[in-house]
Structure formats: structure tokens, C-alpha cells
Amino acid sequence: MSVVAVIGAQWGDEGKGKIVDLLAEKADAVIRFSGGDNAGHTVINPGGEFKLHIVPSGIFYPRTACIIGNGVVINPRVLLEEIDSLKANGIDTGNLHISDRAHLIMPWHILFDRLDEEKRGTSAIGTTGKGIGPAFSDKTARKGIRTCDIIDAGMFRSRLASLLESKNEMLTRLYNAAALDFNTVFNEYSSYAERLAPYIKDTTAMISDLLERGGNIVLEGAQGTMLDTDFGSYPFVTSSSPLAAGACMGSGINPRRIDRVVGIFKAYTTRVGGGPMPTELKDKVGEYIRQRAHEYGTTTGRARRCGWFDAVVGRYSTNLNGFTSGILTRLDVLDEMDAVKICIGYKIGGKTVEHFPADAAALDSCTPVYEELPGWKTCTSGARKAGDLPRNARRYIRRLEELIGCRFHVISIGPRRDQSIVIKNII
Ligand code: GDP
Ligand code: IMO
Ligand code: MG
């Protein structure tokens, strides 16, 4: 039995979907524990190419239970569309389960997310506009609606009535926007409740049973460590915790049960949205990476900002999450480079620092300190064991391991399941 948390080690989009799909084969359950449909996880397997936003990436194995944990905020319309689209592709969703404690994204959350971004103007966060921040704010402020709250029509009616009045006051008086109609929201969400009811259950009890029986569990992270509300590049972060610690809170699995924490690292850095990114390349090299790797957001289609691997971020991420394994993805993207660079520190006000500062202004003005290694100028996507990789690629990997303080147990050299070099089995 093992419980494995799969964590984004950078700013998201590291390839978590591919890796969870890979690990799910041996898993009894895959649990999404944070975020919402701001996530976009790509899985390419013999069934085709899939972009998942809420449904866990283990869904392609019918015997693997896929659980949407209590830590996820759910837009029921998006979830139902995802279920329908999977079914249309012949994927069985009979083993999907939704925590009765998960909060719902309501129409006002999406409106407030977009209106807040407009108000922020040039300092906008660049959110995905899915209502994530307002939904998590309401959860913490005890003004949320959970999946269990919409099953009983009477209970839902009174909960909605007590919340909608103040939301409409804010919309009309503070934002000068139109009010939401009670009956429209009630009817829409009641129809979602009817369709989702068979999936909604006490997943904490289900997970306890699985643990007792000694099953393998994969905890599927969303976003990445640098988008964590506490430790990321605040305020340019998301509103839930993508860290290994967040996996406990968002699933109900206690910390002593987690055996392995796997950090997913891209061989370079990307970020989508606003905020500091010290190694961003605003030149031809950045554009080359974007085009070669098709670095456009899975959820919003926005161009991802691209840059060199940031080992300051990598080390910070290893320390925050306690990675027992690293997985390096998209190494093949760098195959044609003459040389590759790794950021080993930041120059801030004449001093070189090797830790990630809290101050966004310091990060904005910092100059990365780079170490340069020779490229390998060889296609790696056909490699299936470490020995197949060119010497300079192995040298790059070894140096990254030294700098981040964690060994890579899988090297990914293409988006497909089989394009993976397994150095040590994770499960
Ligand atoms: P996630 O949010 O962490 O699941 O990552 P995304 O799915 O948003 O973005 C990762 C992208 O990289 C997807 O298009 C994957 O198909 C692709 N991908 C994953 N691993 C590799 C790899 O090793 N090489 C290449 N070329 N693409 C990869
Ligand atoms: P996956 O799981 C990359 C970013 C947004 C924005 C910030 C806040 O696919 O790795 P939000 O809508 O969460 O309030 O936006 O966080 N962001 C992501 N970036 N991958 C993601 O998820 C992301 N989810 C949110 O672009 O900068
Ligand atoms: Mg993504």
C-alpha cells in the first residue's frame, strides 16, 4: 500500500495530468484535493487526448475510484459538461465520487472574479476568471454552499435566500452590476443537484475504508507550489494550497498516511497570468520554447510565459513539500538548444540571494544569476531508459538534482504515456 501526493513544483502546468494518468494504473483511488476548474490537466493515452479540469486524471482506469475531494471548489455546470464529454468518448464515469463537503462555485463568484480583475486594472492577477478566489473566500468566511447543501430542495432554498440578498447588494451597490435572479439560480442549481446526486457522498469515510484495506492512493495536485497562497508569489497566487500539506486538508488523509511526495518539475519554467517570474525570457529563446512546446494555457488558451529552469524555486519547492521523488517533464523541448541555463540565485540590490523572497517588488527587480551547460542537440523523445539519454542531457539532469536537493525518478520526454523513462517505480 502507498499514498502518493503528486505536486506541481513550479507555477503549474508541469505535466501533472500525464503523470497521474501514468500512476493511476496501479492506484485504487485518485483524489483531486485543491483548486477547481482553473486547473487544466492534459492526458494523452491510447483513448485520445483529454483536457480535464475537475475530474481526476485516473478516470481512464474503470477500477480506479476517482474522488473529487472536499478541498476542491466545483462549478457543477463545468463538471457535468466534463462528465458528458468523457461519456461521449466512451469513458466510464461510474467510479467517480464527489465529496459532500466540497464547496460550489456559484454564479456570483464568477462575476466577482471578473469584476475584481477589472478593478485591479494594470495590477490584475490574471486569474482564470472561473470564480476561484471568491469561492474560496466565501468558504473561509463561512458563506459557502457545499454539494450536500443542494441535495435537499428546502435546505438549498433557504441557504440560497440567506446568501443571495447580500451578494446582490454587493453586485448592484458596489460594482454597479445587475442583480442575480433567485429563481434562475435556484432552478439551474437544482437541476445540477439532480444529476450530480448519485456521485455526492461522504468520501472521507470512503477514503478511510480504502486506507484500512491497504489500497494505493494517488493525491492529484492542481496548480503549483509558487501559486500557493502562503508561500507563492503573493498576491499573484491562487486561493487554495497546491502543497503536499494541502493534500491532507483537501482529502481528509492525515499527514502520517502520506508515504511519498512527488514533485513534478518542467525542464524549464512557465507561468501563465501576472506576477513575478525571475527567469522569464522575453526574447527569441522564450518565443522558441513557447512555439516548440506549444505553451498555451489548457484552461484559458493564454500564451504561457517561458524561461530557464529556476533552481531557487526548485529548492524552495523541495523544502516546502518534502519531495521524496522528483519527476522531470518536457526534457525533449530543450533537445535542439546549443546551451541550457539554470538560475542558481537572484541578484537583489547588489546582493546575491539563494532563497525565494516574499517581497514581489524585490522579485520584480531581481536579476537571475545563471550557470550555463552545453546542450545535447539530440532527439530524446525515443529514449526509454536513462542510458539512452545523451551525456549532456544526463549532466543537466544531475545538476538540477544537486541544486534542488531531490532525485528524479521519472524523466518524461514526450506527452504520451510510453514516453517516460522510469528510473525508480513511484508506486
Ligand atoms: P498540468 O496542468 O500540470 O497537468 O499540465 P498541462 O496539461 O496544463 O500542460 C502540460 C503539457 O505538456 C500538456 O500539453 C502535456 O501533454 C504536455 N507534456 C507532458 N509531459 C510532456 C513531455 O515530457 N514532453 C512534451 N513535449 N510534452 C509533455
Ligand atoms: P494546473 O492545475 C497554471 C494561475 C492563473 C493566475 C493565478 C490565479 O493546470 O497546473 P485563479 O483563477 O486560480 O484565481 O488564478 O493562478 N493558475 C494556474 N496557472 N496552471 C494552473 O493549474 C493554474 N491555476 C491557476 O493563471 O495567474
Ligand atoms: Mg495545466
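A nonpolar core is a set of buried Ala, Val, Leu, Ile, Met, Phe, Trp, Tyr and Cys residues joined through side-chain atoms within 4.5 Å. Buried means under 20% relative accessible area, exposed over 50%, and partly exposed in between (1.4 Å probe, protein chains only). The model is predicted: local features need pLDDT of at least 70, side-chain atom pairs count only at pLDDT 80 or more, and totals for chains, interfaces and linings use all residues. Residues are numbered from 1 along each chain as its sequence is written, chains are lettered from A and ligands numbered from 1 in the order in which they are written, and side-chain values use heavy atoms, with hydrogens and water left out.

The largest nonpolar core has 53 residues. Ile217, Leu219, Leu331 and Tyr396 touch the most other members. Helix H12 (residues 391-404) gives the most to this core, with six residues. Helices (H or I, at least four residues) and strands (E, at least two) are DSSP runs, numbered from the N terminus. Domain 1 (2-101 + 200-261) and domain 3 (265-422) both contribute, so the core lies between them. These bounds come from an automatic or database domain assignment. A second, separate core of 42 residues includes Ile54, Ile83, Leu164 and Phe186.

The magnesium ion (ligand 3) is coordinated by Asp13 (OD) and Gly40 (O), at 2.0 to 2.2 Å. Donors are N, O and S atoms within 2.8 Å of the metal (3.2 Å for Na, K and Ca); water is not among the atoms, so sites may look incomplete. Asp13 is partly exposed, at 22% relative accessible area. Gly40 is buried, at 12%.
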